[in-house]
Amino acid sequence: MPILVPDINLRIIAPALIVTVTAIVVLLGELVTPAERKRWLGYLSIAGLVVAAFAAFSLWGANASGFSGMVVADNFGLFLTLTIALSAALSILLSIPFIHAHEIDQGEYYVLLLASVAGMIVMATATDLIVIFLGLELLSLPLYILAAFQREDTRSLEAGIKYFLLGAFSSAFFLYGIALVFGATGTTNLAKIAASLAQSAGSPMLSIGVGLLMVGFAFKVALVPFHWWTPDVYDGAPTTVTAFMSVAVKAAAFGAFFRTFQFALPALALDWRAVAAVLAVLTMTLGNVAALLQSNVKRMLAYSSIAHAGYILIALVAMSANGLSSALFYLLAYTVTNLGAFGAVIALSDGARERLEIKDFAGAAREHPLVALALTICLLSLAGFPPFAGFVGKFLIFGAAVETGWAWLAVIGVLNSLVSVYFYLRPVVQMYMSEPAEGWSGIRVAPLVALALLIAVISVIALGVFPAPAIALAAGGLIR
Amino acid sequence: MINYLWLVPALPLAGAAINAIFSRKMPRWLVSVLGVGSVGLSFLVALAEFFTVLGAGAQGVFNVSIYSWIPVGNFKIDVAFLLDPLSALMLLGVTGVGFLIHVYSTGYMAEDESYGRFFTYLNLFVFSMLILVLGSNYLLMYVGWALVGLCSYLLISFWFTRPAAAAAGKKAFITTRIGDFGFGLGVILIFVTFGSLNFADVFARAPQMFQLGAPIITTITLLLFAGAVGKSAQLPLYVWLPDAMEGPTPVSALIHAATMVTAGVYMVARSHVLFSLAPFSSEVVAVIGAVTALFAATIALTQMDLKRVLAYSTISQLGYMFLGVGVAAYGAGIFHLMTHAFFKALLFLAAGSVMHAMNGVIDMRQLGGLRSKMRWTYITFFAAALAISGFPLFSGFFSKDEILAQAFESGHIILWAIGLLTAGLTAFYIFRAFFLTFHTQARWTEDEGRKTESRHSPSSVVGHPSFHPHESPASMTVPLAILAVLAVVAGFVGMPSVMGPNFLEGFFAPVFGEAAAAIPAGTEWMLIGASVAVGLIGIGVAYWFYIASPEIPVNLAAQFKGIYTLLWNKYYVDEFYSAVFVEPGRRLAMFLWQVIDVQVIDGFANGLGRAMASFSGALRGWQTGYARAYALLMLVGTVIVIGWLMLR
Amino acid sequence: MLTVNHFILLSAILFCLGAVGVLIRRNPLVMFMSIELMLNAANLAFVAFSRYLNNLDGQIFVFLILTVAAAEVAVGLAIIVAMFRARENVDVDEVNELKG
């Protein structure tokens, strides 16, 4: 009996490896960095992310699989890897001044963030349920800590403990789902699951397993009715952490969600597509309607992120090549748009005193016209207003749904985006159509925040006006 | 020249972008040069494009693809412009009238502290409107459609410190979004049906794929028309337009009279292939148009605010245009769109000039006797009033007459009668406004001491105010004069066949096809005679009541009801109505305005908002903050998901 | 004779017990222990299936899951301790500042 040589191919996990190594270097660097130079750890982290992004670029089109089919470097995973790296880099740009102002500028912040990024990349490129689970945990555990990173603030701690308890709870469901799918099909490899299901009929055990998997993903991307943690955690967590997890977690988790359901479980599509369609309707509707009355921007954006998860789920229901590429494009568009919105909110804060109530934005347009313009553009893009990134994203997703015979779902999506305009415009109205509130004088926008905001807003406009290259990249991301 | 077509929208966009970022650091004259100059240059390019189309004759349809916008699989959407006689004429209107209104604004807004912001929005609006007009597919049209709505919202709420302006902006945005939803659904349905959104593809495939009256085409066209109803302020979604008068007057002239509100008419004309295949939808368009025309005209009779009279008049005239395109007289509808752009923009600008002189007062009960104070404003308003009344050989006469003639000829006798009646009412209310503003005895006192400062946010002065009215600066009167010339002569491009050659009909042939057989000369003269007679009667009655013998209505009123004599010396105009229309007529008009307009339709919009808010509140109630409650709800959700998957 | 069904039944019961524990206990430590019970129920299922399918993968997974669970304990306890320091009590139902 020959000895099996483990199938190790470090090249295809290079992006995740680079991020991990960067995290370790930053962790060690923290020991020797004096307090006033902590920002260099942030720059180092960004450098690591840039290198990881280059590694991902160099793998473009490789379509290589390794570790006995557990991890793959296909364009789908690489597109998500790039999106995640971009969101992490922009978040760190926002974080460097932010954590300094809030006196939580410890190197561990960046280490945890990078560790979470590594988990996300693993999750987005995994082709085995167990590896997806590992990625899921690796991305979640650091985020639990990051949510509670403002240790002196009871709200931050509350966010951490709620996120942790509910997250661990949902992980248990997810894991049990894997166990049941393993029992029903004899494998956890996505391709083998698909092959096995193509030959045999489903069983009740498999149905339960698939349901539990869906619950696990639904929790991570915040689908109704598994979204309950989202508003509270997003509200309590440090704003930069909220910004990061609202976009990056979605990219990673949706990546694994699509891979699992569209490629491993097409045999059961008749069943789960209907469930997913209902979840999409619930998610869009609840997210948008509940956001209408929010007075706090972070909570409003939390509900908005729930709604956006609903839109993206439509692409999964469509279960087509266009659906997949539209979801990728949407995730990228949502990433830059939402980070731009959070960036503007951070830019308007006064040192450690944040302006999070919508009424606090009164008159911002007069004091900070460019920041107000940036926030307006991002909010309009979130609302799906042309000609910004969000509009093209929605158009692609609704188009994919219509193409595959789910026009009614697209109609509900359009109706929802119509409702969403009202709450997205509330901060805009405050900024432009109110007399300035107290305390605007002397606020300067940190250069790094301005840089992040500039990158985000240019991307929002570019993805809306010239989306063709990004669409081509997303369409190249198809897996077999 | 076609290669430079992109410059037409690009110039105003550049103007908007530069002003948006730098206007705070630039001197005012530079802001003006950028704002006005960009639209002016855009107009020159548009003019050149217009002559290109004119020169190409029957081949005058150009599709200019700028770049590939959203390519997905075998389906792609380009940023592409369609230049044909229809869009070329619209281009001229948007940039030309837009340019004049920009010039006017440099005078009108001179004192405003947000001068740069105003020109930014105004340029952005012109850009958006040009995208709407030029787009060669429904998606690009939707982009323009949404953007003009946004600009309209920004400009209505321009003086946001006044709660009424902020509320009006919000109302406009919400109401038109309801229509936009219909439009969006229509676009989706077009995509589903034809697999393309390009005008060329859709219009080529539609007649091949579907019979006349196919249900799917009817549905599409009704959905599209829903968008037009919202955007063009037709029944029942017109309520936002009168409130939109809270915006600066140049905005009312540009957006809420000459351009944006006509987008619905343009869209129907652009989609004429689809509407021709859907007789039911066309019928709906015509009926809603005619009913709106009459309805809004009756409301205009009761209004005392000069700008509100003009707003209801705009709704009414838009109704005419829809009547035109509804009876398949697409060329006539667009013709009236054009002449209306001239004379209604002129009316608004003249009203703005009055506000400028009277320190923001716009209530006709406090005006009167201004003709000697503001010569240019007076003359130009008079020309526009004659044009809208359909006075022979003025522009409105030709365009209105063509719509009515086509309605009559296509067998819509009742709609024709409604249109004719409306024409009479129109002549009456516009001359009522004219006489009350410029003639009659002044209901204000001359204040010799000081020159009134020019303010335009409507101020309500109680009692008998004193002013020193003055003619507006040249930057305002010159655009008035140019528009007045256009309002007088523009009609000659579309003369009825009995009077001369109809240039417009031939010009539009590449878009709408060859014109139908000419109407018999006898019928034609009869129709012309009827419209002229009705218009003259309206003017004459107004003259008789307000100028010739103001005591007649008083005597009449005294005979009918003694109580009027007690009231008449306060605001004799009000009592005069009661005498003429007697109680039932007045009540009906007031009922239409106060009950239907203010309560039913507004109430519905507000009720919808309240319902959503309470729904939202209920959902928030579920978000209790208890981690264990969340865990329980998640578990319930899990059980439901698993149960469903297992039972299927 | 014990079949795979018995083990799966046991694991399902353990899983449900864990889930109920999360719902009815208010001490985050005990809630977290209940979650651990759910994870171990999954482990038991993996081992049972592994044996039944003659596929060693399932047993390997258990090691991975144990490692993850240990990391989760570390993170969880840290957050709970921080909470305790800040509030001097650890009743989850009183952690209720964020809502609506």
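In α1(C), the residues C:Val4, C:Phe7, C:Ile8, C:Leu10, C:Ser11, C:Leu14, C:Phe15, C:Leu17, C:Gly18, C:Ala19, C:Gly21 and C:Val22 meet C:Val30, C:Met31, C:Ser34, C:Ile35, C:Leu37, C:Met38, C:Asn40, C:Ala41, C:Leu44, C:Ala45, C:Ala48 and C:Tyr52 of α2(C) (contact: C-beta atoms, placed from the backbone, within 7 Å; helices are DSSP runs of H or I with at least four residues, strands runs of E with at least two, numbered from the N terminus). By class, this contact of α1(C) with α2(C) holds 19 nonpolar, 5 polar and no charged residues (nonpolar: Ala, Val, Leu, Ile, Met, Phe, Trp, Tyr, Cys and Pro; charged: Asp, Glu, Lys and Arg; polar: the others, Gly among them).

The model is predicted: local features need pLDDT of at least 70 and side-chain atom pairs count only at pLDDT 80 or more, while totals for chains, interfaces and linings use all residues. Residues are numbered from 1 along each chain as its sequence is written, and chains are lettered from A and ligands numbered from 1 in the order in which they are written.

Helices α1 (residues 4-24) and α2 (residues 28-53) of chain C pack at an angle of about 165°, with their axes 8 Å apart (axes are lines fitted to C-alpha atoms, for helices over the stretch in contact; angles run from 0 to 180 degrees between N-to-C directions). The two helices α1(C) and α2(C) are therefore roughly antiparallel (angles over 145 degrees). The crossing of α1(C) past α2(C) is left-handed (the near helix is turned anticlockwise from the far one by less than a right angle).

The 26 residues of α2(C) should span 38 Å at 1.5 Å a residue, and the end C-alpha atoms are 37 Å apart, which agrees (expected span: 1.5 Å times one less than the number of residues). Just after α2(C), C:Asn54 takes a positive phi of about 55°.

Turning to chain B, strands β1 (residues 62-72) and β2 (residues 75-83) run antiparallel and are joined by 9 bridges (strands pair if DSSP finds at least two bridges between them). B:Ser68 stands opposite B:Asp78 in β2(B). The hairpin of these strands has 2 residues between them, and B:Gly73 takes a positive phi near 55°.

Between chains, 49 residues of chain A are in contact with 45 residues of chain B. The chain A side has 41 nonpolar, 4 polar and 4 charged residues.

Technical notes:
Angles under 35 degrees count as roughly parallel, over 145 as roughly antiparallel, 65 to 115 as roughly perpendicular and the rest as oblique. Two residues are in contact if their C-beta atoms, placed from the backbone, lie within 7 Å.
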